[in-house]
Amino acid sequence: RIVLYRRPLEARAKDSVDLADLVHDVLVEQVANYLGVDPDAIEGGA
C-alpha cells in the first residue's frame with residue numbers, strides 16, 4: 001500500500017495542474033522505491 005497525504009501535496013502545489021504533476025512525480029518515486037528500481041524505469045525513460 002502506498003499512501004499519499006493530500007494536505008502536504010496541496011500545500012506544495014501552486015494550482016491544480018501543479019498538483020497533478022506533483023502527485024504523479026511522488027507516486028512514480030514511491031512505486032520505484034517499493035520495487036527497488038530507478039524512477040525512470042517506471043516512467044519508461046531512458
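How many helices and strands make up the secondary structure of the protein chain? The count is three helices and zero strands, with helices taken as DSSP runs (H or I) of at least four residues and strands (E) of at least two, numbered from the N terminus. This is a predicted model, where local features need pLDDT of at least 70, side-chain atom pairs count only at pLDDT 80 or more, and totals for chains, interfaces and linings use all residues. Residues are numbered from 1 along each chain as its sequence is written, and side-chain values use heavy atoms, leaving out hydrogens and water.

**Confidence**
- Mean pLDDT (the predictor's per-residue confidence, from 0 to 100) is 93 for the protein chain, and 96% of its residues reach 70 or more.

**Overall build**
- Along the sequence, the pattern reads α-α-α.
- The C-alpha atoms fill a box of roughly 30 × 25 × 10 Å along the principal axes.
- Of the 46 residues, 11% count as buried, meaning under 20% relative accessible area with a 1.4 Å probe, protein chains only.

**Charge**
- D15, D21, D25, E29, D38, D40 and E43 gather in a surface patch of negative charge; such patches join like charges within 9 Å, using residues with over 30% relative accessible area and no salt bridge (a Lys or Arg side-chain nitrogen within 4 Å of an Asp or Glu carboxyl oxygen).
- Helix 2 (16-35) and helix 3 each give two or more residues to the negative patch, and helix 2 provides the largest share, three residues.
- E29 lies in helix 2.

Methods. Patch = residues over 30% accessible without salt bridge, like charges linked within 9 Å, V, L, I, M, F, W, Y side chains within 5 Å. Areas by Shrake-Rupley, 256 points an atom, 1.4 Å probe, with all protein chains shown as cover. Lys, Arg positive; Asp, Glu negative; His and termini not counted. Charge placed at Lys NZ, Arg CZ, Asp CG, Glu CD. Buried < 20%, exposed > 50% of the residue type's maximum accessible area, 1.4 Å probe, protein only.
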